[in-house]
Amino acid sequence: MADATTTTAASPRRKTSKARRAFLIGGGLVGGALAVGFTLASKRITNAQGFKPPALGGDVAFNAWLKLAPDNALIVQVPRQEMGQGIYTTLAMLVAEELDADWSKVRVEQAAINPVYANVTALGDSAPAAMQGAMMTTARLIGVQMTGGSTSTRDAWEPMRAAAASARAMLLAAAGAKWNVNPADLRIDKGVIRHAASGQQGTLGEFAQAAAALPLPPVARLKPRSEWRLLGTSPVRLDVPEKAMGRAQFGIDARPEGLLYAAIKHLPVTGGELQEVRWKGGMPPKAVLHQVRGPNWLAVIATSYWLAQQALADAELVGGGPKASVLSSEQLAARYRDILDGKGGGPELGKPIRRTFGEHGNAAKVIAAAPAKQRIEADYSVPFLAHATMEPLNCTVRVAGDGKERQVDVWVGNQAPTIVQWLAAGVADAAIDNVRVHTPYLGGGFGRRFDLEVIRQALECAKVTGGKPVQLIWSREEDIQHDAYRPAVSARMTAVLDDAGQVAAWQQQMVGPSVSKSVIGRMNPMFAGDYPPDLTNAEGAMHLPYAFASFRCDHAQVNLPVATGYWRSVGNSYNAFFVESFVDELAAALKKDPYLFRLELLKDQPRFVKVLDAAASAAQWTSALPKGWGRGIALAESFKSIVCQVVDVEVVGKDIKVRRVVSAVDCGTALHPENVKAQIASAAIFGLTAALKGKITLSEGVVQQSNFNDYPLLSMAECPQFETIIIDSGAPLGGIGEVGTPPVAPALGNAIFAATGKRLRGLPFGLD
């Protein structure tokens, strides 16, 4: 047995160097708006000429985005992470369309880390409207690759097409020169260049070398939609064959030579600090090769994960400290109510920071002056939620060499490889260029793999193994009990209905923590203090399509000792529940049909009306339902896409059975319609799980759930029938990976009300 060593992980505070790292990590990262013009796209392509992916086996790299192989294969560099949303396929289609490549010969490679692949849309989305341009410019300068906020296709839409269009022009020029013909007389069909007059033809691959040596054309024409042959169709997704055949590699499949394994245990109390480790036998079991201690965790390293887990079971972690939370969920809910009543948040939550995120008219004045019979008020709430990704949280790291020669390899499913690289360089004290981040498929992301904690811990473990790689795996219990949760949030909704049945005032007051502050604070504690207004708190509530005479959206930000993080659709996931449930309450108060009432409110909003009508029509809104059934409707815009969902539910006693979900979606243009439908259904299942089952509760600061037995997901047998209508409006592209989540919970709640007459204002739904 090797001598067990104990190492205490350095505080994350000591690694705060590099100005760009600090700026980026403190700047806010997730959101969504497409404003990249072709000029900017061209600049990104021009800038890309200085960087080209490795050309292996005779491949020819044209720019950062694409290569051609001698066998005529098109190899697309994809800088976003494939976590089941089909992004490998959609981004490859953008390139293949412009090149008229043979789709059967298209391959993808995970792009290397380089500023040219920065997700400028994500950073722009995270900023207030007036600052979006500046933030996108900043994003280009600091160059962070990340996948989130339903921004991948929106961000790639012009630069990847422009990259392919440039390559196309160069290929045609090369062929024209060889055949001594005008390139304008050439056509490309499924990867073959043809000259009709002479009958000459050749593959793209044949001309790759000559074409790549030509100068980049100053302007490359993008295909108009009328010429599309691939976009708008639904080829088999590129990731599906590998996954179906079991060949797909995820982070947990990493097996570098000499691999050791680490298991980890955290203090049970949220926010606690590790003070002592007590072993049952007075010392660590023989299987333990190394111990590593962090601020609130202990990891042990062994020759197998099973041995590491078994050893860890003998360890008792003793903690405490001023940051430890003793709050229960009931106490937290009471504190939230106090804040909504205008009181303080108590010692654990601090003084709430109250901000107004949207206002027109004077809703507060109208509400104060309205007679009680015209004023409607209701409180809503949602609990903490875990992500529960199917692939357990894991990270594999190898740190080898010393000083300037130190080499670091990180294998991890992640949503921001640039930041992983910066983190690894800091923790391992290595040059950034000596850090290689290997990004495989992600076994579920949903915002969970944007968090860096498991990576930081794995790096600390790898520092003590003498150059041997180590794979750290969080057990399911550790993940459920120490996730960065979708926050618990409460809202007080108030409206005034005038004598004409119009909404004279609408006011939404919310209380909860800032997700961005929590995430950024964990990345770099120097930014854990004051934080600017976090748009994720109010997204889905601050800009509504409805014609309210007066409107106000307020948020009271509190500090929680519980880590919170981005969760599929982020703030939209709960704000849509608050908004669309309360719209239904107003319809009921006015004795109006919920669908027709929404139509009344959607003045001068033709895109929303079309989506609403499409869903209602497909669902046969006015058709009769069996006894005990109900039908509900909800509408939400998120990530620039509009989704309406109609839910049919059967209620038997206390049993809620979702029978049917009909969705209508306007994401501008459906580039891969079948994947759009798949994403809408997937996101709806995610939302239904939250609506029917999801709940993380605290008792004296300890999370009560631990695994799928007490934190269940919607099973296949419980899934309803799904139908999705796609509306092709031609509007600027919207996101698709998350937009099916927000409206499904309120649509279900409204359906339960229709079936039972009971208005449920808290998630998950229960008929106790």
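**A buried helix and some charged pairs**

All of helix α13 is worth a look, because 12 of the 12 residues of α13 are buried, so the helix is largely enclosed by the rest of the structure. Here buried means under 20% relative accessible area, exposed over 50%, and partly exposed in between (1.4 Å probe, protein chains only). Helices are DSSP runs of H or I with at least four residues, numbered from the N terminus. This is a predicted model, in which local features need pLDDT of at least 70 and side-chain atom pairs count only at pLDDT 80 or more, while totals for chains, interfaces and linings use all residues. Residues are numbered from 1 along each chain as its sequence is written, and side-chain values use heavy atoms, leaving out hydrogens and water.

Among the buried residues of α13 are W422 and Q421. Just after this helix, D429 takes a positive phi of about 55 degrees.

Now for the charges. Side chains of opposite charge can pair when their charged atoms come close. A salt bridge is a side-chain nitrogen of Lys or Arg within 4 Å of a carboxyl oxygen of Asp or Glu, and the structure holds 42 salt bridges.

One of them joins R456 to E453, with the closest N and O atoms 3.8 Å apart. Both residues lie in helix α14, three residues apart, about one turn of the helix. R456 is buried at 9% relative accessible area, whereas E453, at 24%, counts as partly exposed.

R598 and D584 also meet in a salt bridge, 3.1 Å from N to O. This pair links distant parts of the chain: R598 sits in helix α19 and D584 in helix α18, 14 residues apart. Both R598 and D584 are buried.

Technical notes. Helices (H or I, at least four residues) and strands (E, at least two) are DSSP runs, numbered from the N terminus.
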